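Here's a quick tour of a ligand site and the chain around it. Have a look at the structure first, then read on.

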Amino acid sequence: MLSVLRQPGFWRRVRAMLTKEFIQLRRDRVSFAMIVMIPVMQLVLFGYAINTTPRNLPTAVLLQETSDVGRTILAAIERTGYFKITHRLSSAEEFDQVLASGRVLFAIEIPAGFERALRRGDMPALLVAADATDPVASGTALGSLNRIVQLALINERMLPDQTQPLFEIRSHARYNPAAVSSLNIVPGLVGTILTMTMLIFTALSVTREVERVTMESLLSMPISPLEIMVGKIIPYIMVGFTQAALIIGFGVLLFGVPILGNLLLLALLSTLFIATNLSIGYSFSTVAQNQLQAIQMTFMFFLPNILLSGFMFPFAGMPGWAQWIGEALPLTHYLRIVRSIMLKGSGFAELQYEVLALFVLMLVAMTIAVTRFRRTLD
Amino acid sequence: MTGAPDIAIDVKGLTKSFDGRVVVRDLSMQVKRGSIYGFLGPNGSGKTTTIRMLCGLLTPDSGEGTCLGYNIRTEADQIKRHVGYMTQRFSLYQDLSVRENLEFVARIYGLNAPVKSAREIIDRLGLHGREEQLAAQLSGGWKQRLALGACTLPSPQLLLLDEPTAGVDPKARREFWNEIHALANDGLTVLVSTHYMDEAERCHEIAYIAYGELLTHGTVEEVIEQSKLITYKVSGDDLQKLLHQLDGKPGVDMVAPFGTSLHVSGRDEKKLEAAIKPYRADKKFVWTRSEPSLEDVFIELMNRSKDNFQ
Ligand SMILES: Nc1ncnc2c1ncn2[C@@H]1O[C@H](COP(=O)(O)OP(=O)(O)OP(=O)(O)O)[C@@H](O)[C@H]1O
Ligand SMILES: [Mg+2]
């Protein structure tokens, strides 16, 4: 494969091809707008979801004792604006039932003897059960709870001000134990947006030439399938890179997502991921008979990427067969890469397996593309 | 390498079918280097298919041959380097400008100075002032000219032009042909398909194909000669009635109006004479024996091959 790259004129022909693709892309206003609009629009949309401070989430309370402390806690909870107490419960069965029915998103239990234990400094537990099917909403609300209740107790109930926590919030996220944190979304978004745009760009590239009959001219010229492929992929690597930079930049600026790891490594591996998706999209376009088929194939591929990569649902929670499929999808590996680098500060050593997987997927796609590319009009 | 060095195209027994339907059948042809070879035939007769087989874009089901000495089955890569193919439908990039299209082609062929070469072609084809126009915005005639420019740009030895002048006005057509003759003078071989009789007459040699079979070939004179067709021109009033009376009579193979006269042709002189005898006496008509036109020959060939075909 590498010896082909050294054939005389290989890069010259590739350059001719990619210059042409660039010019065409520039002239295609809609595509050009998509490059900027898709990432920005998606990010703002999802960003709202992240940022929307959840308001008045229906909450049930079960008071096992009537005390001033209890009332203070409830008032403080309501004052956050996140919670709205809609149900007052009288038994533990009701507690489970009301959550299961979905009528409330939270159920809070103040156990018997809470105040006494508090004043003795025994660190009693405040039980909070959350319906975490919407992890973004429940996560934000839960996160604020501890601090607010503690402050309220100190100020209004004249409990000794101390940095030690007075009580413990024993929260239990139901239905989605590995609640995805909001910070996970921006890195995940980088991957999904890139998957979608990269696939679409190349999935149409060959079928478009066939449908516009320019393929007949192209095939009558001395250019090889490999040269055509490389020439068609490179411009979009740059496009994808711009998109990735846009999303990550916005994520850092607007949502304060950290980048703990090496930015260069992130850029490098993002490029690999972009190239992998472009190759897959390109292989679709060599297999599809027309543009419609190419788009259908893209969506067939895109959906499992969203559902089985760990973007929507925690990867570890999926059944074995689904994990196997997930391993064959580039997004799965990229999500691990991007989350590890941004949120955990991982280096190359920890990501070797993911990098290898992306490489293999890319080579498989490219091989399919080059062998499936029809060199004649038969 | 087979075939004499002065033969540009030498193919034998080319056959191609699509979905079980034979589109080109047992086609053999030889084209001399430096000549202009006209390729004629009705719609769907297999001209485009043949041309595509010659430049390696289609693989023949059977048959062998060489193009510029390269095997059409195994050496398509070399053929592509030395052949300029102008497709029937405009197939350059509509969203690229004239200059960008030409520079793209120049770079793919690895020309040393692509920008300069593109500029030279623009000058030669009089595309001046249009170089920044998108191909999509060019009129039909200018598109054809751009396409010709693109396929002559890499200095090929052989040009395959598939109906290069379809839908082009007479003046542009004449200029186009002057250009083709100039190129042939420089030693280029040109195979050109066309539906125009006047263009056929500007070719050094012609071939006629119908229903996938090559029916005749040679110089225009040879083709007319070979047809063995006897033709009478009739002028006078009420030719329409005469046409109906003669049509289908034994011995009359073809009757067709040409402007103000009627062409009556037949292969068998005796039968034809017998058939027209009663009408020759009619003083309304003037009968003159003449050479059949190329069109007479072609239409008669087509009718005959249709009979064989069915
Ligand atoms: N790729 C293909 N698949 C199926 N049938 C085809 C294909 N290409 C051509 N044909 C058929 O083969 C026949 C010959 O087509 P071809 O294009 O060679 O004719 P042509 O002589 O160039 O006609 P025209 O003068 O209209 O251009 C036609 O009936 C056409 O429908
Ligand atoms: Mg044709």
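Which polar backbone atom is 3.3 Å from an oxygen atom of ligand 1? That backbone atom belongs to B:Ser45. Keep in mind that this is a predicted model.

## Polar contacts to the ligand

B:Asn43 goes about it with its side chain, placing a polar atom 3.0 Å from an oxygen of ligand 1.

How much of ligand 1 does the protein cover? Taken on its own, ligand 1 has 640 Å² of accessible area, and the protein covers 69% of that.

## Who lines the site

The shell around ligand 1 counts 14 residues, and the ones that come nearest are B:Gly44, B:Lys47, B:Thr48, B:Thr49 and B:Gln88. Sorted by class, the shell holds eight polar residues, along with three nonpolar and three charged ones.

Looking at secondary structure, two elements of chain B each give two or more residues to this shell: β2 (21-32) and α1 (47-54). The largest share comes from α1(B), which supplies three residues.

## The wider chain

Conventions:
Residues numbered from 1 in each chain as written. Chains lettered and ligands numbered in written order. Predicted model: local features only at pLDDT ≥ 70, side-chain atom pairs only at ≥ 80, totals over all residues. Heavy atoms only, no water. Near = heavy atom within 4 Å. Polar contact = N/O pair within 3.5 Å; in protein donor to acceptor, adjacent residues only side chain to side chain. Areas by Shrake-Rupley, 256 points an atom, 1.4 Å probe, with all protein chains shown as cover. Helix = DSSP H or I, 4+ residues; strand = E, 2+ residues; numbered from the N terminus. Nonpolar A, V, L, I, M, F, W, Y, C, P; charged D, E, K, R; others polar.
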